[in-house]
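Here are my notes for someone opening this one up for the first time. Have a look at the picture, then work through the points.

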Amino acid sequence: MRLALFDLDHTLLSGDSDVLWCEFLMAEGQLDRAAFEPRNAEMARRYAEGSVGARDFCEFYVGTLAGRTLAEWRPWCERFLDDVIAPRIPEAAFALVETHRARGDRLVLTTATSRVLTELTAQRLGIAELLATEVETDADGRCSGRTRGVLNMREGKVERLHAWLAEDGPGPDERHAMLREAVFYSDSMNDLPLLQAVGTPVAVDPDERLRRHAQAAGWRVLALAR
């Protein structure tokens with residue numbers, strides 16, 4: 001079964017889940033706008049230019065979850081999905097996913113954003129398999145504000161995908177063969193390691209650095225109607 005891998009933010013989603021989550025929390029009075037908004041904008045800028053470290057990036061956003069349990073965050077995440085995320089998933093994104101589902105491909109959403117914020121999005125897209133940055137909880141079940149395990153970002157996306165595939169038993173050679181047959185859709189130069197690992201990389205509404213790289217490499221460049 002062929003793997004069809006999808007990035008989320010700015011690929012299937014018109015926007016960035018982490019940035020939108022912070023805006024949502026500021027609008028709800030859960031984050032102080034005057035103090036947090038400039039930091040949020042700066043982090044988004046550094047991500048776009050590729051100058052922020054993966055841990056700094058992921059833990060900056062996971063830090064917004066600190067102090068509540070996953071159960072306490074659930075109703076917030078449900079409202080975030082309905083009010084903010086769902087309206088930003090274009091019909092063209094659903095159509096792209098459905099094309100691969102109709103072919104019998106195994107669909108995987110792979111994102112640097114935390115599982116807490118993206119598991120409902122994956123369900124809305126009809127994608128059962130989710131690889132995301134994991135959130136640490138303390139002994140009381142509360143989010144500590146730190147990440148857990150290998151971050152699903154840059155090279156970590158390749159490492160996490162190999163680990164996930166290995167759970168079904170295939171060895172390294174078979175996993176590499178599966179990736180050579182796989183397709184991966186992404187907008188960001190930050191995803192270059194996984195784009196280079198698959199047989200069919202597709203740049204979706206790419207940032208300028210990825211657009212130049214994709215054109216030089218002869219990769220397909222796809223524009224979704226948004």
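1. A term to start with: a residue is called buried when its relative accessible area is under 20%. Keep in mind, too, that this is a predicted model.

2. With that in hand, go to helix H6, residues 115-125. Its buried residues are Val116, Leu117, Thr118, Leu120, Thr121, Ala122 and Leu125. What do the buried residues of H6 pack against? Their partners are the helices H1, H4 and H5 (91-102), plus strands S2 (106-114) and S3 (129-137).

3. Now look at how H4 meets H6. Their axes come within 9 Å and cross at roughly 50°, so the two helices are oblique to each other. The crossing is right-handed. On the H4 side, the contact uses Leu70, Arg74, Cys77, Glu78, Leu81, Asp82 and Ile85; H6 brings Val116, Leu117, Glu119, Leu120, Thr121 and Arg124. Sorted by class, that makes 7 nonpolar, 5 charged and 1 polar.

4. H4 (residues 70-85) also packs on H1 (residues 17-27), at an angle of about 110° and with the axes 11 Å apart. The pair is therefore roughly perpendicular. From H1 the contact takes Ser17, Leu20, Trp21, Phe24 and Leu25, while H4 supplies Trp73, Trp76, Cys77, Arg79, Phe80, Val84 and Ile85. The tally here is 10 nonpolar, 1 polar and 1 charged. Cys77 and Ile85 are listed in this contact and also in the one with H6.

5. Next, Leu65, which sits in the loop between helix H3 (54-62) and H4. Is Leu65 buried or exposed? It counts as buried, because its relative accessibility is 1% and the cut-off is under 20%. Leaving aside residues up to four places away in sequence, Leu65 touches Trp21, Trp73, Ser114, Val116, Val135 and Cys143. Among these, Trp21 and Trp73 belong to the H1–H4 contact, and Val116 is one of the buried residues of H6.

6. Last stop: Ser186, in strand S5 (residues 183-186). Ser186 has a relative accessible area of 0% and is buried. Its side chain reaches the backbone nitrogen of Ser188 at 3.2 Å. Not counting residues up to four places away in sequence, Ser186 touches Asp7, Thr11, Asp191, Leu195, Val202, Ala203, Val204 and Leu210.

Notes
Residues are numbered from 1 along each chain as its sequence is written. This is a predicted model: local features need pLDDT of at least 70, side-chain atom pairs count only at pLDDT 80 or more; totals for chains, interfaces and linings use all residues. Side-chain values use heavy atoms; hydrogens and water are left out. Axes are lines fitted to C-alpha atoms, for helices over the stretch in contact, and angles run from 0 to 180 degrees between N-to-C directions. Helices (H or I, at least four residues) and strands (E, at least two) are DSSP runs, numbered from the N terminus. Angles under 35 degrees count as roughly parallel, over 145 as roughly antiparallel, 65 to 115 as roughly perpendicular and the rest as oblique. Contact means heavy atoms within 4.5 Å. Ala, Val, Leu, Ile, Met, Phe, Trp, Tyr, Cys and Pro count as nonpolar, Asp, Glu, Lys and Arg as charged, and the others, Gly among them, as polar. Buried means under 20% relative accessible area, exposed over 50%, partly exposed in between (1.4 Å probe, protein chains only). A polar contact is a pair of N or O atoms within 3.5 Å; within protein, one must be able to donate a hydrogen and the other to accept it, and residues adjacent in sequence count only if both atoms are side-chain atoms. A crossing is left-handed if the near helix is turned anticlockwise from the far one by less than a right angle, and right-handed if clockwise.
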